[in-house]
Amino acid sequence: MTQWSGYLGLILQGALITIELTLMGSVLALIMAFLAGLGRLSRFFVFRALATAYIEFFRGTSIFVQLFWAYFVLPFIGISLTPLQAGVLALGLNVGAYAAEVVRGAIQSIGREQYEACTALNLGRWQGMRHVILPQALLVMLPTFGNNAIELLKATAVVSLISLTDLTFQAQVVRSQTGNTLVPFTTILIIYFVLALVISWGVRSLERRMARGLDGVRV
Amino acid sequence: MEWDWNFVREIMPTLIQGVKITILATLLGSVLAAIVGLAIALARRSPNRAVSRSVGFLAEFIRGTPLLVQLYFIFYVLPDIGILLPPLVAGVIGLGLHYGTYTAEVYRAGIDNVPRGQWEAAKACNLNARQTWTHIIMPQAIPPMIPALANYFIAMFKETPLLSAITVLELMNQAKSVANTYYRYVEPMTLVGAFFLVISLFSVVLLRWLEHRYGKIER
């Protein structure tokens, strides 16, 4: 039985990499989501076109293809990425494209009267966005962002295929060393599920906190 | 590295072989997901608490864990208990189960959207449970779901490259094998990406049409 503790350590190391990837990917996704989401609402055609192209491209091709492209094709045009960099880049850009639509939808869901109130108070476009629209839109975005984060967590499993030692990779290592399949795969399925539960719980408590000051503001 | 059209022409037949398997897997997976989703949705409405709770938890679990790990589970663990599946069958089962948990939510929403009066009218006409479902509820519930279902089938299509991890010879796997043979990654990987992009751009048009024909997609 002693050997299992060693293998468990291996799997926990993998869990750390998975968590690290999820966090870094989420940060990049969040940045891209706001850039592209606001870009789609821009007054300028160039920004709108760029944002739309980005969103359609990354939603249209699968994460797996993007990851392989980043890892295998970019080196040929002179950009070498480590597996971790390629993973974060592909995950962040892919999920960011989905989340950008969430940002756009949430901002558009804010009623006209809020924009009119901004004009009435003589706020500039940016001021109105920053102080009036975004604080309300953020609350609308949060639940879907939570789902996107869980999608990102699930997508991290793919990076094991470009030899990044995440949970799935370590489970394969354990499988090939012990010949046992049931234990490693069941273990990592449970770990993934627990991580997903943590994300959805975290997002829900964040939502409660942010809703606190907005009582009565939203109908 | 230069883009080489001759090489593209050379590898095209191999890639088209892969495209066929990709499409086959998507079609079979969609059929399975449609059936599994309906079964889950019906089981969750079961008056038997034990059935609805356990199916609900199982669906939640499958939705919270990565498809890749589920594919490994089906492909590596089931043979240990004597169920030996060909890769494509294992892949289709994985896709169908995973996306079945998503389509279950679409069915649930669709069924909940049928007005109460329809149930009461069915009862008043002395229809039994089976007749109520097949003649009253389903014919009204299914058309509004079609765009949302199609959306998930397109998402599934984009996930099929994962099947290459369990040795299904679909498009991604063919591309990888030609890339490894000639050590040229640029063309095969880019072609795979372009293929998925083109199909998904077409599918956007198809979705618009379905939405127009069968009503609004749910968000």
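A residue is counted as buried if 20 or more other C-beta atoms lie within 10 Å of its own, as exposed if 12 or fewer do, and as partly exposed in between, with C-beta atoms placed from the backbone. The structure is a predicted model, in which local features need pLDDT of at least 70 and side-chain atom pairs count only at pLDDT 80 or more, while totals for chains, interfaces and linings use all residues. Residues are numbered from 1 along each chain as its sequence is written, and chains are lettered from A and ligands numbered from 1 in the order in which they are written.

By the exposure criterion, Asn126(B) is exposed, with 7 other C-beta atoms within 10 Å. Asn126(B) is not a glycine, yet its phi is positive, at about 60°. The residue sits in the loop that joins α5 (116-124) to α6 of chain B; helices (H or I, at least four residues) and strands (E, at least two) are DSSP runs, numbered from the N terminus. In chain A, Asn122(A) likewise has a positive phi, near 60°, and is a residue other than glycine. Its place is the loop between α5 (112-120) and α6 (125-155) of chain A. Asn122(A) counts as exposed because 8 C-beta neighbours fall inside 10 Å.

Chain A contains eight helices and zero strands, in the order α-α-α-α-α-α-α-α along the sequence. Along the principal axes, its C-alpha atoms fill a box of roughly 70 × 45 × 20 Å. Of the 219 residues of chain A, 38% count as buried. Two residues are taken to be in contact if their C-beta atoms, placed from the backbone, lie within 7 Å. Among contacts in chain A with a separation of 6 or more, 76% are between residues 24 or more positions apart. Leu139(A), in helix α6 of chain A, lies 69 residues from Arg208(A) in sequence and 9.3 Å from it in space, C-alpha to C-alpha. Leu139(A) is partly exposed, with 17 other C-beta atoms within 10 Å.

Two packed helices are described by the angle between their axes and the distance between the axes. Axes are lines fitted to C-alpha atoms, for helices over the stretch in contact, and angles run from 0 to 180 degrees between N-to-C directions. In chain A, the axes of α7 (residues 167-178) and α8 (residues 182-211) cross at roughly 165° and come within 9 Å. Angles under 35 degrees count as roughly parallel, over 145 as roughly antiparallel, 65 to 115 as roughly perpendicular and the rest as oblique. α7(A) and α8(A) are therefore roughly antiparallel to each other. The crossing of α7(A) with α8(A) is right-handed; a crossing is right-handed if the near helix is turned clockwise from the far one by less than a right angle, and left-handed if anticlockwise. On the α7(A) side the contact is made by Leu167(A), Thr168(A), Ala171(A), Val174(A) and Arg175(A), and on the α8(A) side by Pro184(A), Phe185(A), Ile188(A), Ile191(A) and Tyr192(A). By class, this contact has eight nonpolar, one polar and one charged residues. Ala, Val, Leu, Ile, Met, Phe, Trp, Tyr, Cys and Pro count as nonpolar, Asp, Glu, Lys and Arg as charged, and the others, Gly among them, as polar.

In chain B, helix α3 (residues 67-77) packs against helix α4 (residues 87-112) at an angle of about 135°, with the axes 9 Å apart. The two helices, α3(B) and α4(B), are therefore oblique to each other. The crossing of α3(B) with α4(B) is right-handed. Residues of α3(B) in this contact include Leu67(B), Ile74(B) and Phe75(B), and those of α4(B) include Pro87(B), Gly91(B) and His98(B). The contact comprises eight nonpolar, four polar and no charged residues.

For chain B, an unreviewed UniProt entry lists residues 20-43, 81-99 and 189-210 under "transmembrane region". UniProt positions are given in the numbering used here, feature names are shortened, and annotations may be inferred rather than shown by experiment. In the model, residues 81-99 of chain B are 68% helix and 0% strand, with end C-alpha atoms 25 Å apart. Residues 189-210 of chain B are 100% helix and 0% strand, with 31 Å between the end C-alpha atoms.

Between the chains, 28 residues of chain B are in contact with 26 residues of chain A. On the chain B side, α2 (49-64), α3, α6 (129-159) and α8 (186-214) each give two or more residues. The largest share, nine residues, comes from α8(B). By class, the chain B side has 20 nonpolar, five polar and three charged residues.
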